[in-house]
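How is this assembly put together, within one chain and between its copies? Take a look, then read on.

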Protein chains: 2
Amino acid sequence: MNEWHIAEGYRFAGVISKLRTEPDRRDLAVIVSDRPATAAGVFTQNRVCAAPVQICRERLPRADARAVVICSGNANACTGEQGLADARRMAELVANDIGCAPEQVLVASTGVIGRPLPMPILEAGIPKATAALRPGADAFNDAAHAILTTDTRIKVSTKLVGTHSISGFAKGAAMIGPNMATMLGFLFTDAAVEAQDLQDILRRSTADTFNCISVEGHTSTNDTVLILANGAGPALTGKALQSFEKSVREVCAELARAIAEDAEGAQHLITINVEGCRTDADARTIAKAIAESALVKTAVFGADPNWGRVVSAAGYAGVEFEERDLSLWMGSFLLYERGVPVPFDAKLASAYLRDNRNVDFRVTLELGMGRCTFYTCDLTTDYVNLNADYTT
Amino acid sequence: MNEWHIAEGYRFAGVISKLRTEPDRRDLAVIVSDRPATAAGVFTQNRVCAAPVQICRERLPRADARAVVICSGNANACTGEQGLADARRMAELVANDIGCAPEQVLVASTGVIGRPLPMPILEAGIPKATAALRPGADAFNDAAHAILTTDTRIKVSTKLVGTHSISGFAKGAAMIGPNMATMLGFLFTDAAVEAQDLQDILRRSTADTFNCISVEGHTSTNDTVLILANGAGPALTGKALQSFEKSVREVCAELARAIAEDAEGAQHLITINVEGCRTDADARTIAKAIAESALVKTAVFGADPNWGRVVSAAGYAGVEFEERDLSLWMGSFLLYERGVPVPFDAKLASAYLRDNRNVDFRVTLELGMGRCTFYTCDLTTDYVNLNADYTT
């Protein structure tokens with residue numbers, strides 16, 4: 001953990017509130033900025049969105065955020081008016097402890113949909129968390145653990161940009177379908193950035209990072225990415241702001257890739273590069289269709305170089321092209337060239353899929369400069385078993 | 001089989017050509033109309049579409065069709081110019097044997113993508129099939145068997161309409177993603193119907209039948225539904241044509257449902273009814289999003305009444321609605337009412353999913369009269385295992 005760059009002026013806590021049934025799982029995180037911070041967020045585009053998402057949407061962007069509170073084990077989604085009241089109460093409990101207005105506190109939740117939050121647990125847990133707040137990597141690590149659900153490990157990415165740090169963590173292992181932000185991600189920086197700049201940077205940074213991953217294409221009700229910037233002094237502008245944006249994008253990209261890598265039951269991280277489209281949007285549409293094909297994903301699980309499934313998924317994506325424009329590589333194997341199958345060694349190609357945890361497909365068209373890199377995972381029997389019994 | 005209504009003036013054959021590796025599997029079907037028949041077709045909307053689809057598109061609709069030839073085990077898709085030449089040759093071989101022009105013969109193929117057709121097998125097999133042509137239910141049964149791939153059983157539906165018969169068969173168990181016609185379906189009738197009427201009837205009939213099923217949402221390269229009408233005398237008009245259309249739709253619906261029921265590895269047929277939308281198209285969009293959610297499908301496999309997954313899938317479908325407009329039933333259990341979870345007996349609800357092979361979800365909105373019934377299946381570990389090793 002000694003390489004982590006933890007932003008100054010933040011304190012972190014991740015505690016065991018017993019929201020989760022496992023007795024030793026941290027399940028409640030609070031992050032406090034000692035100074036008012038500019039804050040921005042991007043959220044799920046699901047019409048059914050969780051109470052904390054609705055509360056954050058009301059409150060962002062803003063220039064005086066003080067804290068974020070996150071619980072795992074319960075999504076507080078599909079919970080009606082009570083859910084909104086409960087999310088507001090979570091913020092209020094933090095505000096009371098740190099001495100600020102409730103509106104300066106942001107809220108996120110993740111877990112099972114449709115169950116009321118057990119508020120007595122949070123009434124006791126939030127004071128416990130605010131009492132545990134500390135600066136530095138250990139406390140940051142606790143918070144990164146406290147937001148996990150079926151994840152097998154924390155997702156952390158930190159960067160130095162000039163004299164400032166950007167420190168991010170995220171969670172997500174299923175119900176990952178990109179549409180704006182995907183799952184929960186939190187970035188903290190001690191740079192000074194105008195709230196609107198922060199919002200624009202976050203929107204652009206999530207477009208080709210968190211929005212270019214998929215586990216099964218099911219867009220969650222709770223997807224949220226928040227960024228707080230608490231720098232003192234004049235806000236970044238010009239080249240410094242550009243460098244800052246580049247680092248934010250890198251942090252988002254690393255966190256997004258970590259989510260796809262840790263997908264439920266996954267044995268492979270699959271990288272799909274699509275190039276040569278008329279637009280980047282076309283490339284993303286094709287990459288997403290391939291990434292979300294159960295037939296492509298089971299073929300990778302089975303180490304089956306079944307390129308026909310990749311080509312046919314590209315074909316139904318909805319982008320206009322002719323078959324003769326399309327070529328496909330799997331790793332270094334050219335399998336399909338300008339509409340014609342290329343003879344290849346099926347045993348070697350199968351071994352490539354079997355022996356590499358990270359595998360890649362490259363689809364090229366000859367229509368323009370549009371491109372996209374999309375991350376997904378294989379579809380395994382473990383994924384099916386994990387998801388066949390989740391609530392009951 | 002004595003209930004089957006087999007259209008007059010057709011002869012059928014399904015033979016073992018050894019295109020498939022299993023020595024005892026029928027894999028080549030020929031159907032001949034003794035009179036010139038009007039013929040219409042609907043096809044995959046995949047940009048990558050198989051050679052036989054391209055040939056049929058060129059030839060349809062027409063008023064003088066004489067035959068259909070179908071092979072299973074090889075899709076003749078992604079096979080370039082050679083594939084087109086091979087598909088044309090299949091038609092020509094039949095035309096030579098029955099004495100008609102090659103353009104009067106339609107072609108379909110299904111199986112592995114991207115392998116050239118083994119033409120010596122077809123050069124020998126097609127004469128064998130044309131020699132075996134016979135009228136009646138036994139020969140129809142042979143043809144229905146010869147088009148199967150991973151299907152576990154034939155899909156047949158026949159109807160009497162007035163003095164005429166409509167006899168249909170279909171195949172499909174995976175790579176089922178509705179977009180125009182889905183997989184292979186063939187309807188034969190001894191009614192007299194104008195070619196353009198036949199095309200319109202087929203298009204309308206597939207829209208809410210073959211286009212409302214999904215196994216995993218992967219639109220095949222080969223999807224084809226053909227209908228031939230060889231009736232002598234004046235073509236149907238008015239009420240008789242309407243009755244005919246109703247029966248065509250019923251045949252399409254029964255065949256489509258049979259495909260969803262026999263989906264690879266499936267343990268449940270899931271019927272999704274969506275009602276109360278602004279338009280039928282909106283209802284279909286929501287039904288399709290639910291039907292194609294891996295999380296919904298694994299929950300049914302696990303007998304987990306995880307209604308949050310159904311509600312959240314409706315939410316990301318892309319149709320505008322407010323959560324308070326939405327209610328959800330699973331069988332007779334009301335789980336979610338106008339945006340609020342309803343307490344229910346989880347054990348009983350789980351037993352409903354566990355003990356019924358056919359289960360249904362009903363989503364109601366309060367925005368209009370638009371509705372859709374959509375069929376899908378659960379996602380099982382058997383599906384993953386079946387698809388993890390298909391070509392190799």
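Chain A is divided into domain 1 (10-261) and domain 2 (269-388). This is a predicted model. Taken over C-alpha atoms, the centres of domain 1 and domain 2 of chain A are 32 Å apart. The two domains touch: eleven residues of domain 1 of chain A are in contact with 13 residues of domain 2 of chain A. On the domain 1 side, those residues divide into six nonpolar, three polar and two charged.

Now the two chains. What rotation superposes chain B on chain A? The rotation is 180 degrees, with 0.0 Å of shift along its axis and an RMSD of 0.0 Å. That is the relation of a two-fold axis. The same surface serves both copies, and 100% of the contact residues of chain B recur in chain A. Of the residues of chain B, B:Thr381 comes closest to the rotation axis, with its C-alpha at 2.5 Å.

The contact itself pairs 55 residues of chain B with 55 residues of chain A. These elements of chain B give two or more residues to the side that touches chain A:

| Element of chain B | Residues |
|---|---|
| Helix 8 | 294-301 |
| Helix 9 | 307-316 |
| Strand 12 | 340-341 |
| Helix 10 | 346-355 |
| Helix 11 | 381-388 |

Which element gives the most to the side of chain B that touches chain A? Helix 9 of chain B does, with eight residues. By class, this side of chain B has 25 nonpolar, 24 polar and six charged residues.

Definitions and conventions. Residues are numbered from 1 along each chain as its sequence is written. Chains are lettered from A and ligands numbered from 1 in the order in which they are written. This is a predicted model: local features need pLDDT of at least 70, side-chain atom pairs count only at pLDDT 80 or more; totals for chains, interfaces and linings use all residues. Copies are superposed by least squares on the C-alpha atoms of residues with pLDDT of at least 70 in both. Two residues are in contact if their C-beta atoms, placed from the backbone, lie within 7 Å. Helices (H or I, at least four residues) and strands (E, at least two) are DSSP runs, numbered from the N terminus. Ala, Val, Leu, Ile, Met, Phe, Trp, Tyr, Cys and Pro count as nonpolar, Asp, Glu, Lys and Arg as charged, and the others, Gly among them, as polar. Domain bounds come from an automatic or database domain assignment.
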